[in-house]
Amino acid sequence: MAHEILIVDDEPDIRALIEGILSDEGYETRQAHNSDAAIAAFRARRPSLVVLDIWLQNSRLDGLGILQALHTEEPQVPVVMISGHGTIETAVQAIQQGAYDFIEKPFKSDRLLLIVARALEAARLRRENSELRLRAGPEMELIGASAPLGQLRGAIEKVAPTGSRVLITGPAGAGKEVAARMIHARSRRADGPFVVLNCATLNPARFEEELFGIEAGPDPLAQPRRAGVLERAHGGTLLLDEVADMPLETQGKIVRALQEQGFERIGGGTRVKVDVRVLATTNRDLAAEIAGGRFREDLYYRLAVVPLRVPALRERREDVPVLARHFMGRSAETTGMAPRELSEDALAAMQAYDWPGNVRELRNLIDWLLIMAPGDAREAIRPDMLPPQVGAAAPAVLKLDRSSEIMTLPLREARELFERQYLEAQLLRFGGNISRTANFVGMERSALHRKLKFLGVQAEDRANPPGTVGNA
């Protein structure tokens, strides 16, 4: 998406010259000739950058006054100052007050374009660094190679470039926000902001302030304008996380804002126009919420232009080993500790567990194991080192106390018992996929079918696991 630049200069010829230079490079532009017009244009729609003349005739504020007003409201928007009567003192003062750089007239177009590009890149990096600090390094990719995850990735690749609104459903901790970040990163808005509003944790009384922002008071320095998430996400993506927790009254107002791509700040009368792609997530059954009068049907249809579903971790058990090793590496890097190896038996036990907390629970478990698991750091983590709730779900073949039972049986029965438990464990690991299980255990598919039938093991051949894309 093209960056929008606000040009503030009292000379029409200079504004036209700068607009021509920037437009030729693909930037969108707006113009203002004095402080009132500049502040009104800035408040109506936040630009990506401001090119601001210091000396303005017939203007209530000069360029430095405008700079102070703009940075009081939105300090992250870069401002490039220009002047035909500049001095070193003026340039230093402008940069001290928050300007990105200072250009003296007459200037070369190449220098203007270079400084604009650098200012936009610096703003992008500051925004990304701020988000990473606030959110402690969010996951940016869905990890795994299972069929359900492959189908979800394919759907994301299709919908990301379109600009359509997407409703992402799935259980808590499954990775809905990660899917939303993937959509943003693969969209035409990838260089724009990605803003998250967590509807589940926000005080209901503050929803509209957070969404629409608050207009400045009579004294803007004492009570500055505060931008809401819709405004901060201009040119990028807004994620309404757990949208079913949004109050009904606010739902009606967000419907109108989505329809008109505009809104009024709390306490204000000016219509703010924004260009925002809205994504939403929920772990609830929205059809039931609509039937119960807790969610607006018109909002559902505005959000669910393309519905996607993130599968629970128990629906893609074969991804557990790669996820566990990935989180072990991340946790070791974060804590500065040496990573622990995860034994195949421990991974099999993890695959047998149902993971009610999904991927988030697995990540927490790996953090706990790295710090709390007994034994030397060079020793692989075994099934008996896992927490009781995880170890209890382990296939019987992995439990040490089974050896005493086997020792009381004749060889043929002991072998059949072991084979039954072993194959049950492998089927569990591969989500019931006969082909993948046969490949792992080193048997022909048809031979494995016969062996399972002989041992009395019930197996549903899931060669094509259920998809992840569908209606909410």
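1. In this predicted model, strand β8 and strand β11 (residues 277–282) pair in the parallel sense, and four bridges join them.

2. How many of the five residues of β8 (residues 237–241) are buried? Five of the five are, so the strand is largely enclosed by the rest of the structure. The cover extends to both faces: T237, L239 and D241 are buried on one side, and L238 and L240 are buried on the other.

3. The loop between β8 and α10 (248–260) holds E242. Its phi is near 55 degrees, a positive value in a residue other than glycine. Is E242 buried or exposed? Its relative accessibility is 12%, and buried means under 20%, so E242 counts as buried.

4. Q261 is placed in the loop between α10 and β9 (262–264). Phi is positive here too, near 50 degrees, and Q261 is likewise a residue other than glycine. With a relative accessibility of 24%, Q261 counts as partly exposed, because that class lies between the 20% limit for buried and the 50% limit for exposed.

5. A cis peptide bond is found from K105 to P106, with omega near -10 degrees. P106 belongs to the loop between β5 (101–104) and α5 (109–135).

6. Two packed helices are described by the angle between their axes and the distance between the axes. For helix α13 (residues 320–335) and helix α14 (residues 344–352), the axes come within 9 Å and cross at roughly 115 degrees. Angles of 65 to 115 degrees count as roughly perpendicular, and α13 and α14 are therefore described in that way. Their crossing is right-handed.

7. Which residues make the contact between these helices? On α13 they are V320, P321, A324 and R325, and on α14 they are E344, L347, M350 and Q351. Sorted by class, the contact of α13 with α14 has five nonpolar residues, two charged and one polar.

Terms used:
Residues are numbered from 1 along each chain as its sequence is written. This is a predicted model: local features need pLDDT of at least 70, side-chain atom pairs count only at pLDDT 80 or more; totals for chains, interfaces and linings use all residues. Side-chain values use heavy atoms; hydrogens and water are left out. Buried means under 20% relative accessible area, exposed over 50%, partly exposed in between (1.4 Å probe, protein chains only). Helices (H or I, at least four residues) and strands (E, at least two) are DSSP runs, numbered from the N terminus. Two strands pair if DSSP finds at least two bridges between them. Axes are lines fitted to C-alpha atoms, for helices over the stretch in contact, and angles run from 0 to 180 degrees between N-to-C directions. Angles under 35 degrees count as roughly parallel, over 145 as roughly antiparallel, 65 to 115 as roughly perpendicular and the rest as oblique. A crossing is left-handed if the near helix is turned anticlockwise from the far one by less than a right angle, and right-handed if clockwise. Contact means heavy atoms within 4.5 Å. Ala, Val, Leu, Ile, Met, Phe, Trp, Tyr, Cys and Pro count as nonpolar, Asp, Glu, Lys and Arg as charged, and the others, Gly among them, as polar.
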